[in-house]
Amino acid sequence: MTPERAWTDPHLGRGGRAAGIAVSLYGVRTARNWGCGDFTDLIDVIDWTAGGLGASFVALNPLHAIHNRRPFNTSPYLPNSIFYQNYLYLDVEAIEDYTHCRRAVRLRRSPEVAAEIEALRTSDFVEYERVSALKLRFLKLAFVQFLREWRQGSARAREFEAFRRREGDLLEKYAIYCALDEDLHRKDPGLWVWTDWPEAYRDPDSPQTRAFAKKRWRRVLFHAYLQWQIGVQLTRAKQHAGNRRLSIGLYHDLALATDRFGSDLWAHRPFYVAGCRVGSPPDEFSPKGQDWAFPPPNSNRHREDGYRLFAESIRKNCRHGGALRIDHVMRLFRLYWIPDGSEATEGAYVRERNLDFVRILALESVRSQVVVVGEDLGTVEPIVRETLAKFGILSYRLFYFEKNELGEFRRNDEYPAHALVSSTTHDLPTLAGYWVGADIEARMAAGLIGEESYRAQHEGRAVEKQRMLDALFSLDLMPPALPRHAAAYPELTGELHNAIVGFLAATPSQLLAINQEDLTKEIHQQNLPGSTWQYPNWGRKMRYSIEDLRYGAATGFTAMFADWIERSGRKKHSALGLSHCPK
């Protein structure tokens, strides 16, 4: 038995609306982190969201575990595991065992480490390998400190053992994989993926794998310890969001994909189909289609197993938040399969048992009291949105894509109420980048398009910018004395920026999320679909630090968004049920 609808936040259920800020946690700049945003930075983001913006949630990129190796293993949407998180987000200095480890504290004070942290902190991009190596050095010292306590059976040791029992075989296999990957790569630096491991270790249940786990039990235990500490720090962040009266709190993101060379494929191979990859057909922003380079799920095997792994993926990504975004929610209905050896343009759609998946999603939503948002962008059949609406799952609407049959931008009062509305996504141009064609330039520089397509895309963008400007003027969001021709605006001016944020805030959609890059008018998008080494995907840091947004040079952006949140009735302290759409 499953509920007929997903969980609804009481405020939203009474007709209220809310707003939030979307951040890529890895790119958060602060004066104290080690070159990558961490969970203590997240607490600072929560404070800024609550106090500076008056918003109700912080939307995060997927926090899934990844291999932290560029250029192929840094995408949070192609994780090593969807069940566990990336240790790069740990604040090492906030771990209790670090503070008790004199060797670690002494090492932190060394000039060598201080210089490395400063270099990583001031870099323009996240230096994944260096941050990983530095943090692992300290995390292993903290773990050795904890082992002393663990052997004595302390209260914390009992908490850790209870955590391991709750997680069961999912955590055990993940930790064994991580220990094997580390051990085998150390012995042979050219060994990068499990499909190249010695044959016996490719099987998670082989006698040799079990013997390794027994012999190297400390290494296996270390990776379980990291996940325990991640849970401790994420729980702290969730509680802090509640204390700051963020009604929704943390909004997490569940990736569609899993790396075919990662732990999930190694541990749960029968649940994936061999010989195909998942992707998407060609569209305006990806004219050659997209090849996401991971295998589709084996729905028959999932059904035979009672959808246990699917339910666990929802449950584990819900437990530290108040909302969950389902990346490419159309996956529950159909997926675009590309046969091995074929291009993305040569794929076809394969249907799924959608009602089974949607009902389980609703069940886990109610159990965790989490709002569910289904990312339904791209080619979407009507039955998809009809089914999601029936089950109380919010649609996901973007400014760029909401157009009428004439190709004109829809009025903001035409947006659906049962939806989250946003400016853009990680795969699309930022608002500032869209206006100057930075995404088109990036595709050309990466060799993803030729001269003819380059010219056509710039010509099409000029038309779209004019239509966008027409929509903003028609709603009196632009000062009437300003020019009405898009060509008169060589960049995203303050007036355009303010008008677009105001346009989105005034929609009837229940949730509004503005990306941090769009709030601060950043030019470059986080990911350029179709590229790997040609573009610095998933590594770009924020233009401004959190301190700048709260107290310094970027407070104007904060004030502008906060003003629209209040004017549109989305402020977190607004009277419940009284939100309205201004004209």
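**Reading helix packing, strand order and salt bridges**

Modeller: In this predicted model, a salt bridge of 3.1 Å, N to O, joins the side chains of Arg164 and Glu161.

Colleague: Why can such side chains pair?

Modeller: Side chains of opposite charge can pair when their charged atoms come close. Here, Arg164 and Glu161 lie 3 residues apart in helix α7, and therefore about one helical turn separates them.

Colleague: How many salt bridges does a search of the whole structure find?

Modeller: The search finds 49 salt bridges.

Colleague: Let us turn to helix packing. At what angle do helix α7 and helix α9 pack, and how far apart are their axes?

Modeller: Helix α7 spans residues 155-187 and helix α9 spans residues 217-243; they pack at about 125 degrees, with their axes 5 Å apart. The pair is therefore described as oblique. The handedness is a separate item: α7 and α9 form a right-handed crossing.

Colleague: Which classes of residue make up the contact of α7 with α9?

Modeller: By class, this contact has 13 nonpolar, 3 polar and 8 charged residues.

Colleague: How should I read the pair formed by helix α18 and helix α21?

Modeller: One begins with the distance and the angle. The axes of α18 (residues 494-505) and α21 (residues 555-567) come within 9 Å and cross at roughly 30 degrees. Angles under 35 degrees count as roughly parallel, so α18 and α21 are roughly parallel to each other. In handedness, α18 passes α21 in a right-handed crossing.

Colleague: Which residues make the contact between α18 and α21?

Modeller: From α18 come His497, Asn498, Val501, Gly502 and Ala505, while α21 supplies Phe557, Met560, Phe561 and Trp564. By class, the contact of α18 with α21 has 6 nonpolar and 3 polar residues, and no charged ones.

Colleague: Next, the sheet. What is the order of its strands?

Modeller: The open sheet has 8 strands in the order β11-β8-β5-β2-β1-β14-β13-β12, and the pairing is parallel. At the edges stand β11 (371-374) and β12 (395-398); each has a single partner strand, so one side of each is left without a neighbour in the sheet. On average, neighbouring strands of this sheet are turned by 25 degrees against each other, direction ignored.

Colleague: How many bridges join strand β1 to strand β14?

Modeller: Strand β1 (residues 18-23) and strand β14 (residues 511-515) run parallel and are joined by 5 bridges.

Terms used: Residues numbered from 1 in each chain as written. Predicted model: local features only at pLDDT ≥ 70, side-chain atom pairs only at ≥ 80, totals over all residues. Heavy atoms only, no water. Axes fitted to C-alpha atoms, helices over the stretch in contact; angles between N-to-C directions. Helix = DSSP H or I, 4+ residues; strand = E, 2+ residues; numbered from the N terminus. Parallel < 35°, antiparallel > 145°, perpendicular 65-115°, else oblique. Left-handed = near helix turned anticlockwise from the far one by under 90°. Contact = heavy atoms within 4.5 Å. Nonpolar A, V, L, I, M, F, W, Y, C, P; charged D, E, K, R; others polar. Pairing = 2+ DSSP bridges. Salt bridge = Lys/Arg side-chain N within 4 Å of Asp/Glu carboxyl O.
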